[in-house]
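Visitor: I am new to this structure and would like to learn how to read its features. Could you walk me through a few of them?

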Amino acid sequence: MHKLLKLFLLILGIYVLLKLPGLLFGLPVPSSLILLYLFFAAIVTILVMTTSDASANELFSPIIALLEEPARVRQRNTIFVILPLFAALITYLAVRPDSEGVVGFRSVHPAPPAVIEAYGQTYDLGTLENPLRSLESSEPERFRSYVKEGGDIYFQNCFFCHGAKLDGRGHYAHALTPRPLTFQGSDTISQLQESYVFWRVVKGGPGLPKQAGPWASSMPAWEGILNEEEVWKVILFIYDYTGNKPRQWSH
Amino acid sequence: MNNFIKIIGFGVLLILSYTLFSVYYVPDINTHKSSKRQRVVLPIEEVGPVAYGEEVYYGRGGCAQCHDSAGDRAPELSLIAAISASRYGASQYTGTATDAVGYLRESMVEPSVYVVEGYGTLLGKKIVSPMPDVSSGSISLNEVELAAVIAYLQAISGLEVTVKMPGAGPKAEEKNGARSKVSKEAEE
Amino acid sequence: MGNRLDLSHHINSRSRAGLGIFFCPGVAVPLLLLLSILFLQVIPAHAFSAETQVAQVSSTVESGAVKAVEGVEVKDKASELIKSYKAGKSKRLKKGPPAPALEAKDYPVVEGVSPRVTVWLAAQMHLWFAAFVLAVPIFVLILEVIGMVTGDSRYDRTAYEFIRVSITAYSITAITGGLLLLSLVVFYPALMGYLSSVFGSTMLGYGLLFFIESITLYIYYYGWGIMNDGGGLKRLHLFVGLLLNMSGTALMFIANAWVTFMMSPAGVDKMGAFQGGVFAAINNHLWSPMNLHRFVANIAYGGSIVGAYAAYQYLSSKSQASRAHYDWMGYTASLIAIGALLPIPFAGYWLTAEIYSYSQQMGITLMGGVFGWLFIIQAVLIGALFLAANYYLWCGMGRAEGGNRYTGYIKYIAIVLVLSFLVWFTPHNIVLTASETSALGGQYHPWLKALGLMPAKNTAVNIMVIFTYISFLLYRRSGKASTVPWASTATAVEVGLFGAAILNIIFLGVYYGYYTDNVYKVVSSIPQVMTTLTVILLSLCIEWLIFRRAERAGGFTWGRMPDRSQYALVLIAVSFTWLMGLMGFVRSAIRQNWHVYSIMKDNSPEAYTPSIAYAARVVSFGTIVFMALIIFIFWLSSLGKGEENKV
C-alpha cells in the first residue's frame, strides 16, 4: 500500500474510532477533543513517515508528481477545483445558522475565598475541618447516627436536585443549567476538602467569587436554612453514601 | 539567506499556531468583565443617596442579578415602594414594619417576612424566600448602603425619598472612601 | 593541536571594545540599583505615614473589602501595630512599616502607556535574557570540562563560540534589567518602596554579586586563549568559570526570593510589617521549589537556544566539515536540553504541590478555573517538545550505518507517545456544544473524565519520559555493535525492566489514582517518578556494560541528517521560549489582585486577570521581539568571528 494512502486511511480510522462512542453508546466524544486528537495523531504519523529521506520521498512523491508532471494536468486542475469547494463546504457548515445553543463553559470547582463569614463567625477555609469527622474513629456509633441525620437532611433539602442516588439527577435537575453536580465517582467531592464543600453549601451560587470565574451555579445559599451542624452532618452523609473520602493536604 | 528565511518563517509560524490555539481553541474566559454598572462607585456625598443606591443595586449588592425586568427569578421592583403598603398590610405578613421604608429595609435583611406569591421555596411546612440577607454573608451591605438602596427604590417608584441616611459623619465618609476603590472596571 | 586552542592572537585587538561592554553593565547596574534604593526611600512617604495607614486599615476592615481575618480585632491590632511601629522607629528597631493600602491615585499614570504590559514585557524580556545568560555559562563550563576530560577539541571550540555570544547577551540582560527596574519604579513606586523595606539589604547583595559575575565573566572570556595550557592555568580557568556560575546562580536565587515573596510572603506579620529577619523573607514557602525549577529549566533553555543556533549553521553550511561540526553541536546541545527537560515536569510538580499547600485558593486558581486551560496549552507545548526531541533522535538513526536495524520500532514508540500525549492534554473541563452537554448529561464525559485528573497525567508523562529515553537508547545502539556474548540476554533483561516499570507506573496511577483513598492520589506520583528514574539508571548501567568494549558498527557519520530534522531543534527553542513566557504569566497571575499575596492589594486600574487569549498575544509578541534580538546578537558575534577567520 502506498504511504500516502496509508496516512489517509489511518487518519480516517482514528476519526471513525473517535466517533464510535457517540454512535454506539450515545456518549459522544466532544468534537473539540476529536479535532485536537486527530490533529496530533496526524502530525505524529507524518513525523514517523518522514524520519528517513527515502520514506519521506515516498510519502510526498505522489503530491509532487501531481503538481509537476505535465501529463497530469487534468487531474491537477480537478483537484484545484475540488479543494476550494471543499474548504467552502467546511466554512459553510461552520457558519450556517442552526438551533444549537451557545457553547457553554464553566469551571465546576472555582477557587474558594481564603475566609468566609457565616453564622456570625469567620471561617478560615485553609484550616477549617469538619468537627464531626473525628468521631468516625473515636465514637463510631455517634458518627453513624450523625450520618443518618445527615441523610434525613439531605432528603429534605438536597435530594430534589442532587437526586436520590446522589448522582445529580434529581427531579428538578433537568430544568437547571448547569446540571447539579453528582457526588458519585472518584472525581467529584473526593477531589475537595470538606471545608470547600462547606463553603459551597453555605454560600451557594451567590457566594461564588468574581475572580474565580467562569462559573454558573444554581445552588442556593443554605446558611439561612440549615444551621452549621446540619451542614456538617449532610457533608458527612454525602461522603459516606458515595464511599468517598474528603481530600486532605497533609501528606 | 534562503535557510535563514525558512527558519524565521518556521519560528513565526510556530508562534502563530500557538497563539491561534490559545485564542481560538481555548474558551475565552474573561473574569474581569462584569456588569458595566459595577464600574465606578463614587462617594455618596458626591452623587447623593439615589445614585449611590443605584450603584449598589446594580453593583455590589447584586440585586439586579435576580430582580430584573423579566421577573422570573425574583419580583420586579420598579414600583415596590409605592405598593409596599399592600405587603406589610397583608395577612401573611409576619414582620413588624409599619411604613414603606421599614418594610423595604426589613425585606432586605429578613426577606422571608413576606414572600411574594410564586417566588417562595418550601422549607418544611413554611414558605420562605430564597433571597439572602444582604446585610451579611458575601454581600454584607452596611447601613449606609441599605439606606441608599431604599432611596433608590423610592425614587424609581416615583415617590419622594424619605429614608434617613444614617451616620452622616466622618465615619460614613471613611467607609465610602474605602468602598470607592473596591471595584473598578478595567478594559483591555 | 590536541585539545589546545590558540585564540590569543585576536584577543588583544578586541579587548578595548570588550572593556566597554564590560564596564557598561558591570558598573552601571550596581549604580542603578543603589540609586533606585535611595530614590525609593524618599518616594512613598505618603503611603507609609502612620495616620493614613490607621485610617485606611480601619476603613478597609470595617467595610470588609479586604480579607480582614479577625474582624474588629484586626482594627485594634492594626492601631497597636502602628503604635509599636512608631515606638520601634524611635528605638531604631529594624522592623519595617506595614504594607501600604493603596488607592488608584497612588499609581502614576503615563498617558497612552499601560503600566502592566510595560512591566510585563520588560520583566519577561529580562527573564529570557537572564535565563540565557545564566544558562550559557553553565552549559559552557560543562562542555569545557567534557572537553578537558575527553581531550576532544570540538567541545572547547563550541564552548568558546558560546561564551562569546553570551558577552553581548550579557549587556542586553543588564539593559533589560535596568528597563524593568525603571518601569517598576515609575509605575509601581509604592510597591517597590514596600519591597525595598523588606529586601533593601538583599538589593545591595544583588549589586555586589552582579559585579562579581561581571568580573569573572570578563576573565573567563578574555582569558580563554591565554589560560588554555591544558594544565594548571586551564584548571584555574575552570575555577573562574565555576565562580561565574555560582555568582550567576546566587543572583537568580536572590531575584527568586523577591518574586516568591510576592506569592508567599514570609518574615512579615499579617499587616505586612517586616519583622527584621531578612532570611525568613528570602526563605519563604515557594523559594526552594522555584529555585530548583528555574535552575533546571535554565539549563534546558540554554541547550535549546544553542541547538537552534547549530541547526541554522548546519542548514547554511557549505562544507562537509562544518556540516559535521554543527550536526555534532546540535546533537550535544539538544542532548543537554532534553536531559534537563526530563526532570522539569517533576520539579514543576513539586512547585505546584507547594503552592497548594501554601494556599488552597492559589492552588485551585492555578489548576482549576481560568488557568486550568492554560495548563492544557502547556501540555500541548510540552507534548510538542517531546515529539520534536523524539523526531530528532529518530532522524539521527540515519547517521549510523546500522541504523536500519531499529527503525522498525519507531512506529511503536510513536503509538505509545501519541496515546500518552492525548491523555496528557485531555482537559477535565471539556468544551462542549449544547447537544453534547445534554447527551452526556453534564459537564464531564463518563469515560474521558478520568483522563482529566492528575493521576492519569502523571502516568502519561512518566510513560512519555520512558519512551523518549528508549528512543535515545535505540539511537545510541544504532551506531554500535556489541562484542560481549551475553548481549542478547542483557537486552532481554532491559526489556523486562522497562516492561515491569511501565506496568508498575500504570498500576500505581490507576489503582491509587482511582480506586483507593484520595490521600494517596497525590502521593502515588512519587513512586511513579522513582520507578522512572530507577529504570533509566539501571538500563544506563546495563548499556554501559554491554557496549563498554563495543565495536563501532560503522559509527556515526556526522553531518548526515535530513534538513527536516534541524527544524525539530528550532521548534524546541521557540517552544521553550514561548512556554517560559506563558508559565511566567500564570505564576504571576495567580496572585490575582494582590501585589503581595494576602498582604498588599493591587488597586491599580489594571488589577484584574487578563484572559488567556490576551496573555498569549502578549507572550507571542515578546517571543518574537526576543528571538529577533537573539538573532541580532548571534549576527553581531558572527562579525567578530569573520574577523577571526581572516586573521
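This is a predicted model: local features need pLDDT of at least 70, side-chain atom pairs count only at pLDDT 80 or more; totals for chains, interfaces and linings use all residues.

Visitor: Where do A:Tyr37 and C:Phe425 lie?

Guide: A:Tyr37 belongs to helix α2 (residues 31–49) of chain A, while C:Phe425 belongs to helix α16 (residues 410–425) of chain C, so the pair joins two chains.

Visitor: Is A:Tyr37 buried or exposed? And C:Phe425, buried or exposed?

Guide: The cut-off to remember is that buried means under 20% relative accessible area. A:Tyr37 has 5% relative accessibility, so this residue counts as buried. C:Phe425, at 0%, counts as buried too.

Visitor: What can I read from the pair A:Phe155 and A:Phe159?

Guide: This aromatic pair is tilted, with 5.5 Å from centre to centre and 40 degrees between the planes. Both residues lie in helix α6 (residues 140–162) of chain A; because they are four residues apart, about one helical turn separates them. A:Phe155 is partly exposed, at a relative accessible area of 36%, whereas A:Phe159 counts as buried at 17%.

Visitor: Which residues do ring pairs link into a cluster with them?

Guide: The cluster holds A:Tyr154, A:Phe155, A:Phe159, A:Phe160, A:Tyr172, A:Phe237 and A:Tyr241.

Visitor: Which charged residues sit over a ring?

Guide: Here are two cases in chain C. C:Arg323 lies over the face of C:Tyr314, 4.5 Å from the ring centre. The charged end of C:Lys601 sits over the ring of C:Trp594, at 5.2 Å from its centre.

Visitor: What describes two packed helices?

Guide: The angle between their axes and the distance between those axes describe them. In chain C, helix α8 (residues 232–263) packs against helix α10 (residues 287–316) at an angle of about 130 degrees, with the axes 9 Å apart. That angle makes α8(C) oblique to α10(C), and the crossing is right-handed.

Visitor: Which residues meet there?

Guide: From α8(C), the residues include C:Met252, C:Phe253 and C:Asn256. Among those they meet in α10(C) are C:Trp287, C:Met290 and C:Phe295.

Methods: Residues are numbered from 1 along each chain as its sequence is written. Chains are lettered from A and ligands numbered from 1 in the order in which they are written. Side-chain values use heavy atoms; hydrogens and water are left out. Buried means under 20% relative accessible area, exposed over 50%, partly exposed in between (1.4 Å probe, protein chains only). Rings of Phe, Tyr and Trp (its six-membered ring) pair if their centres lie within 6.5 Å; planes under 30 degrees apart count as stacked, over 60 as edge-to-face and the rest as tilted. A charge sits over a ring if NZ of Lys or CZ of Arg is within 6 Å of the ring centre and within 35 degrees of the ring normal. Axes are lines fitted to C-alpha atoms, for helices over the stretch in contact, and angles run from 0 to 180 degrees between N-to-C directions. Angles under 35 degrees count as roughly parallel, over 145 as roughly antiparallel, 65 to 115 as roughly perpendicular and the rest as oblique. A crossing is left-handed if the near helix is turned anticlockwise from the far one by less than a right angle, and right-handed if clockwise. Contact means heavy atoms within 4.5 Å.
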